[in-house]
Amino acid sequence: MSFYQGLQAEVVPFRGLNDDQGEAYYARPARAGKFPGVVVIHHIPGWCEWTTEVVRKLAHHGYAAISPNLYFRDGPGSPDDVGARVRAAGGVADAQVVGDAAGAMAYLRAQPNSNGKVGVIGFCSGGRHAYLIACSVPGVDALVDCWGGNVVVDDPKLLNAKRPVAPIDLTVKMTCPILGLFGNDDQNPNRDAVNRTEELLKKLGKNHEFHRYDGAGHAFFNTMRVSHRPEQALDGWNKVFAFFKKYLGG
């Protein structure tokens, strides 16, 4: 049998908040078996090409992965155009993201190839959303926060009807282990915000593992940006897969 196994990837319908039907990018190993699930929360630019690459990468490593288009209500249009409109409107509401993520989790668990475990990984604003989801949705088995900004909020003006609560203030509700990956040159989250988040996780006795990378800033995993840092990204991905294997199986 070949070491490299096939995978299947496609756009599928899913039910999000209020039972709204949206679209998601879904990839899974083509072979028979039961697989852990991972929900991929995209960054603020939107449901981009690199996000689909992340979904396929997870499937290649033995996970059934899905990335819901969190902006599906704001179409039609190309992902870039829709993302620009959403950003101009101040982003999407936290409650909507949480509801859509819960729907994506339900989609994974309803598949015959599911082993019942589901993790969440998010990048940039998606890291913040992933943190929020793990504090709000029952049944998250593992969380990976990749440089999620605004988890810590010092300026009350950054809170509004769409984002009424700083995710860090919900940490007490987190029940799953968390892996955090951060670049030391990043400004959001900066080193102080990362340190304060980890201090609270320690204080509350939460199962956590944080790693910080010198020479890396925001989006250092993203191969389609000049911010990509291959050495740090390789180490980070190795830590992601070790973490998911430990808590999700596969």
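Residues are numbered from 1 along each chain as its sequence is written, and side-chain values use heavy atoms, with hydrogens and water left out. Because the model is predicted, local features need pLDDT of at least 70 and side-chain atom pairs count only at pLDDT 80 or more, while totals for chains, interfaces and linings use all residues.

Rolling a probe the size of a water molecule over the atoms shows where empty space is left. On a 1 Å grid over the protein atoms alone, a cavity is a set of points where a 1.4 Å probe fits but cannot get out; a pocket is an open set with protein on both sides within 12 Å along at least five of seven lines; lining residues have an atom within 4 Å of a point. A volume is the space filled by probe spheres set on the points, which are joined across faces, edges and corners.

| Space | Volume |
|---|---|
| Largest pocket | about 400 Å³ |
| Second largest pocket | about 200 Å³ |
| Largest cavity | about 40 Å³ |

The largest pocket is lined by 17 residues, and Ile 44, Ser 125, Arg 128, Asn 150 and Arg 163 are the closest to its centre. Its lining holds seven nonpolar, eight polar and two charged residues.

For the second largest pocket, 20 residues form the lining, the closest to the centre being Asn 150, Val 152, Asn 188, Pro 189 and Ala 193.

The whole structure has one cavity of 30 Å³ or more. His 43, Trp 50, Phe 123, Cys 124, Trp 147, Ala 219 and Asn 222 line the largest cavity.

How values were computed: Nonpolar A, V, L, I, M, F, W, Y, C, P; charged D, E, K, R; others polar.
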